[in-house]
Amino acid sequence: MSETSTTSPFMTTKELADHVRKTPSTIRGWRHRGTGPRGTKVGREVLYRRDVVAAWLRQREDADEIGQRATA
């Protein structure tokens, strides 16, 4: 099994799932439907760039109209 490091620019499916408080199967479903952050398959594993994940989350925050009203 590979070691993970917080200094790596990449996240595994499990790390992403922990980050957004979802299950790895939810992350895989998002990937297959094209609704989650963009990932890259490396061997048998999918890796997600931390900067892409952050941008995807910001985009979701900006698109959340109810959340926008709550902060206004």
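**View 1. One side of helix H2 faces inward.** In H2, the residues Ile27, Gly29 and Trp30 are buried, where buried means under 20% relative accessible area, exposed means over 50%, and partly exposed is in between (1.4 Å probe, protein chains only). Look down the axis of H2 and its buried residues fall within an arc of 160 degrees, so they line one face of the helix; the arc is taken from the directions that lead from the helix axis to the C-beta atoms. These buried residues of H2 pack against H1, S3 and H3, with contact meaning heavy atoms within 4.5 Å. Just after H2, you can find Gly34 with a positive phi of about 80 degrees. A word on the source: this is a predicted model, local features need pLDDT of at least 70, side-chain atom pairs count only at pLDDT 80 or more, and totals for chains, interfaces and linings use all residues. Residues are numbered from 1 along each chain as its sequence is written, and side-chain values use heavy atoms, with hydrogens and water left out.

**View 2. The whole chain, end to end.** Starting at the N terminus, the elements of the protein chain go β-α-α-β-β-α-α, which comes to four helices and three strands. Helices (H or I, at least four residues) and strands (E, at least two) are DSSP runs, numbered from the N terminus. Of the 72 residues in the protein chain, 25% are buried.

**View 3. The largest nonpolar core.** Here are 10 residues: Met11, Leu16, Ala17, Val20, Ile27, Trp30, Val46, Tyr48, Val53 and Trp56. A nonpolar core is a set of buried Ala, Val, Leu, Ile, Met, Phe, Trp, Tyr and Cys residues joined through side-chain atoms within 4.5 Å. Two or more residues come from each of helix H1 (13-20), helix H2 (24-33), strand S3 (45-49) and H3. H1 gives the most to this core, with three residues. Zoom in on Val53 and you'll see that it touches Met11, Leu16, His19, Pro37 and Tyr48, not counting residues up to four places away in sequence.

**View 4. Strands side by side.** Strand S1 (residues 10-12) is joined to S3 by three bridges, and the two run antiparallel; strands pair if DSSP finds at least two bridges between them. In S3, Leu47 stands opposite Thr12. Strand S2 (residues 39-42) also runs antiparallel to S3, with four bridges joining them, and Lys41 stands opposite Val46 in S3. The hairpin of S2 and S3 has two residues between the strands, and in it Gly43 takes a positive phi near 65 degrees.

**View 5. A pair of salt bridges.** Searching the whole structure turns up two salt bridges, each being a side-chain nitrogen of Lys or Arg within 4 Å of a carboxyl oxygen of Asp or Glu. Side chains of opposite charge can pair when their charged atoms come close. Lys14 bridges to Asp18, with the closest N and O atoms 3.1 Å apart. Lys14 and Asp18 are four residues apart in helix H1, so about one helical turn separates them. Asp51 forms a salt bridge with Arg49, the closest N and O atoms being 3.1 Å apart. Asp51 is partly exposed at 45% relative accessibility, and Arg49 is partly exposed at 37% relative accessible area.
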